[in-house]
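Please look through the sequence and the model below, and follow the strands as the report takes them up in turn.

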Amino acid sequence: QVQLVESGGGLVQAGGSLTLSCTAPGSIFSLEGMGWYRQAPGQQREMVAAIATRTAKVYADFAEGRFTITRDNARRMLSLQMSSLKPEDTAVYFCTADRLVTKVVTGTPSYWGQGTQVTVSS
């Protein structure tokens, strides 16, 4: 019933920047937690960054200092600004949401987008 749609993925050279966006109905952005997960080839999905409705943010260690998550409730848009990209950042990135931010940070979010591919070349 709920649709989250990611965009902005693509190919970028190592050290470059890329910004991902996610749009969803207002019912999703009224939830406490939203965030980004990613899954690299042959690896498990991992949390990238999470943000609560009051803009409190949590980043994975690999994302800290390089990625910035923002939440624009008025425009119903979640963004992930990525810089200093590394080849190991190559993955499918998913927009996620849950009524509890805890589930976005450490659990299994209830809502998922279809994912957008990010490829970082060396």
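Predicted model: local features only at pLDDT ≥ 70, side-chain atom pairs only at ≥ 80, totals over all residues.

Strands of a sheet pair through backbone hydrogen bonds, in either a parallel or an antiparallel sense. Here, E7 and strand E8 (residues 77-82) are paired in the antiparallel sense over six bridges, and Thr68 has Gln81 in E8 as its bridge partner.

Strand E5 (residues 46-52) is largely enclosed by the rest of the structure, because six of its seven residues are buried, where buried means under 20% relative accessible area.

Strand E4 (residues 33-39) runs antiparallel to E5 and is joined to E5 by six bridges, and Arg38 has Glu46 in E5 as its bridge partner. E5 is also joined to strand E6 (residues 57-59), again in an antiparallel arrangement, by three bridges, and here Ala49 stands opposite Tyr59 in E6.

## Two hairpins

The hairpin of E4 and E5 has six residues between the strands, and Gly42 in this hairpin takes a positive phi near 75 degrees. E5 also forms a hairpin with E6, with four residues between them, and in that turn Thr55 has a positive phi of about 75 degrees.

How values were computed: Residues numbered from 1 in each chain as written. Heavy atoms only, no water. Buried < 20%, exposed > 50% of the residue type's maximum accessible area, 1.4 Å probe, protein only. Pairing = 2+ DSSP bridges.
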